[in-house]
Amino acid sequence: MLEERRLRLLSAMTAGGLWPADSPWVRQAMETVPRDRFAPDAVHIWTGERYEVVRRAETPEAWAAAVHPDPYGSTVTQVTDSMPMSSISCAAIVATMLDALAPEPGHRVLELGTGSGWNAALLARRAGQGHVTSIEIDAELAAHARRRIEAAGHRVRVITGDGDAELPEGEAFDRVISTYAVEHVPWAWVERTRPGGRVVTPWGHTGCVAITVAEDGTSATGWMQAPARFMPTRHLGRPPVPFERVRDGDVGAPAQFLRPVQQLTHPDVLFALRVLLPDVHIDTRDAGTDGQATAWLSDGRSSWAVLQQTGTAVIAHRGGQRDLADEVDRAWTVWEERGSPGMYDFGLHLTPDAHHVFTGDDPHGPRWRPLAPALQRPPHTSGGRTGPGWSPSVPEEVVEVVGAVRAGRGDHQDGPFSLAVALGHVHPVFDLRHEIPALGLDVSLGPRFRWRCGGLKPGGRGQAGHAESRPCEHPGAAAHSSWIRHPGSLRARRQPHLGSCRTPQPPAA
């Protein structure tokens, strides 16, 4: 049964055209390094209501089916507090990411997030035994992976540590790959990658990106490679609260949503919304033949919305301080106004002090920035306080910075410019474009500054734009020629028809 399941998965990869044509080694590695060699004896399957343990000794057929699912199915290997915390990624996205990484024999490879050890073993087969270093933050997972890798006949250095912060001292790598999602690619990953090398990582919670390090090592640029959902980094601590806990049985209030909910399943729409609303999680149920579709929106803290479509009618309900239905509608409009770029048109450009999203071929072109939350504010207050009352959902650090500006205290004595700089540091998602007027602050910046490209630059005067901690032009703009277009790095190695991997989540009640 196990071998039958393994061969069925490999055949499905072939039938779906999912083997990367430019990297035939990926198929050879997957055929000779089966994922069941790295799966624990107990895995977890989603029943539609909760995760249940499937043990190899008790139900070998169910275990084999869980370990060798279809190409877009992952195998959950660790569940904590009803949430999946580690898994063996789906075969389709593993193949795509290895293709994008483009490791060569003899390359030194750093993997961040060992997990089961399967990906590290695949890399060792390509780069060479002893050429792969893998870091795992969970000591138990690291120990199990180390044993499985050795038992399978591969030599990989497995280190227990935080891949976001604890990298091997004094070592440089030709390739770096992360198996968990990050919101911002750590510059330390770029620093440890040799010039011309490549970093591949899941970005946000909807896709993965491949970036190439410039020849002078001062920047890195790349484009999205595929839609996918990965476990988030554990570096940030507690993950977002599941939808049903955010809702907590609340019926909610009616909301307005005039767009077709079915289109929220499209990768291009989902990715654009992820860029503009990075803290909003969107889960959808595929529309059936009867035209029904449902979407669950959550900020992972206190706000939620449910969008239900039957035919052409949409019923929406929301709860919490933020109107997530309105935020999604606004973000959708911005995406359309900017030409509705596809997911593969988005890229990331990194420097030591900047991390921005762009579309098209020019990494120094117009940027994409998060929108402001649609906050439900109370009426204006009285009693001598300037501006409106604060909503509880306004971040505390924002309230503190604005208070310092108003009082002329500390490092925030220069008015709106310092406010923009400060808020850009303490809360980069907070958008001054919508918030400065509501804060009761003077938006006339005087002759010293003008707003340009959403940033502040010495020059004239203008109106408030998006808060940012530095001007649009990077200080190293004169050295743009140092960014070299490496073969295969420019929006290449795409698989436009690749579906997103599935890791079931607790039910969206």
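Which residues do ring pairs link into a cluster? I found Trp203, Phe271, Phe346 and Trp368. For pairing I took Phe, Tyr and Trp rings (six-membered ring for Trp) with centres within 6.5 Å; planes under 30 degrees apart are stacked, over 60 edge-to-face, the rest tilted.

Ground rules: this is a predicted model, where local features need pLDDT of at least 70 and side-chain atom pairs count only at pLDDT 80 or more, while totals for chains, interfaces and linings use all residues. Numbering runs from 1 along each chain as its sequence is written, and side-chain values use heavy atoms, without hydrogens and water.

Next I looked up the aromatic pairs and got 8. Trp223 and Phe358 are edge-to-face, because their centres are 5.5 Å apart and their planes at 85 degrees. Trp223 sits in strand S11 (residues 220-227) and Phe358 in strand S18 (residues 354-359), so this pair ties together parts 135 residues apart in sequence. Strands here are DSSP E runs of at least two residues, helices H or I runs of at least four, numbered from the N terminus.

I checked burial too: Trp223 has a relative accessible area of 0%, and Phe358 also comes out at 0%. Buried means under 20%, exposed over 50%, partly exposed in between (1.4 Å probe, protein chains only).

Then I looked at Phe243 and Trp304, another edge-to-face pair, at 6.2 Å and 80 degrees. Both residues are buried.

Last, charges over rings (Lys NZ or Arg CZ within 6 Å of the ring centre and within 35 degrees of the ring normal). Arg274 lies over the face of Trp203, 4.2 Å from the ring centre. Arg35 does likewise over Trp118, at 5.1 Å.
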